[in-house]
Amino acid sequence: VSTQSTGSLNQQRQMSSDKNKSQKGKEESDDQDEPDRVELDPDDFFDSSLRLEEVTCTPEEQLLRDKRMLQGMEIFFENKIRESRDLFAEHSRDNPIYLLGVGAISFLSAVLSLEREEIDKASKVLSATEQFASSLLPREYKIVSFGKWMMGSKAPMSNAELRCRVIRAEACLLMGMLQLFQESIINYVRAGFNLRAAWKAYETCFAEIKDLSDDERYERYDYHTIGGIEFGMGAINLAIASLPSKIIRLVSIFG
């Protein structure tokens with residue numbers, strides 16, 4: 001009886017600790033809507049100890065780092081899909097843009113085949129991409145964020161932060177589209193969460209650049225990242241406009 005009581009007490013303490021951690025996480029503000037995530041072990045997909053400061057660089061340096069990514073895209077459009085996936089996978093643990101590349105190829109395979117195995121694989125990789133990008137973003141308590149907004153002291157995003165937000169938005173968009181293709185009520189609901197998260201993320205990114213002149217934009221941010229924002233805003237509007245009216249009404253429930 002004593003052993004059972006001790007075990008029960010430890011279990012209650014653990015549940016209380018988990019609840020406190022959850023509440024603390026909700027108090028943190030990164031102006032993000034939470035997507036519908038797939039349960040996975042992040043360490044299977046990326047280096048969870050990596051921080052934003054370790055991937056921060058100037059726009060010029062970022063374009064140099066993107067060269068391998070562009071090579072992978074060229075290989076993909078030459079119909080060398082396996083080679084392209086392998087190239088992206090080489091760097092996917094240390095750079096979320098490469099993990100997004102793996103996820104995009106998995107997404108296409110899933111959509112073309114609609115096989116359960118391919119869908120599950122794509123869902124895991126895209127969810128891991130979203131979690132990787134999110135893990136690199138800075139987090140602030142709501143009261144601190146609100147104080148900065150009131151004082152007008154909100155600093156502009158770094159190139160690395162803006163890029164991570166764009167990657168996160170695209171991963172959410174692809175997850176939402178993948179769920180829409182599965183054509184079930186539960187997947188429409190899950191798609192609603194992911195499309196909302198993608199829309200909010202793209203809105204945040206676009207707000208960062210919309211008032212800048214072209215010279216200011218490309219001085220502060222690399223043009224691949226800016227192109228990702230502009231393409232993403234157009235893609236999500238096109239995706240939503242292409243949906244049947246019944247599904248749009250269902251998705252609109254989530255804002």
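With which side chain does the side chain of S134 make a polar contact? The partner is the side chain of E130, at 2.8 Å. The model is predicted, with local features requiring pLDDT of at least 70 and side-chain atom pairs pLDDT 80 or more, while totals for chains, interfaces and linings use all residues. Residues are numbered from 1 along each chain as its sequence is written, and side-chain values use heavy atoms, without hydrogens and water.

**View 1. Packing of helices α7 and α9.** Helix α7 (residues 116-136) packs on helix α9 (residues 159-181) at about 155 degrees, the axes being 8 Å apart. The two are therefore roughly antiparallel (angles over 145 degrees). Contact residues (heavy atoms within 4.5 Å) include I119, L126, E130 and S134 of α7 and I167, R168, L174 and L178 of α9. By class, the contact comprises 12 nonpolar, four polar and two charged residues.

**View 2. S134 in helix α7.** S134 belongs to α7 and, at 2% relative accessibility, is buried (under 20% relative accessible area, 1.4 Å probe, protein chains only). Its side chain meets that of E130 in the polar contact named above (a pair of N or O atoms within 3.5 Å, one able to donate a hydrogen and the other to accept it; residues adjacent in sequence count only if both atoms are side-chain atoms).

**View 3. Q71 in helix α4.** Q71 lies in α4 (residues 67-77). With a relative accessible area of 36%, Q71 is partly exposed (between 20% and 50%). The side chains of Q71 and R68 form a polar contact at 2.9 Å. Q71 and S84, 13 residues apart in sequence, have a C-alpha to C-alpha distance of 8.3 Å.

How values were computed. Axes fitted to C-alpha atoms, helices over the stretch in contact; angles between N-to-C directions. Helix = DSSP H or I, 4+ residues; strand = E, 2+ residues; numbered from the N terminus. Parallel < 35°, antiparallel > 145°, perpendicular 65-115°, else oblique. Nonpolar A, V, L, I, M, F, W, Y, C, P; charged D, E, K, R; others polar.
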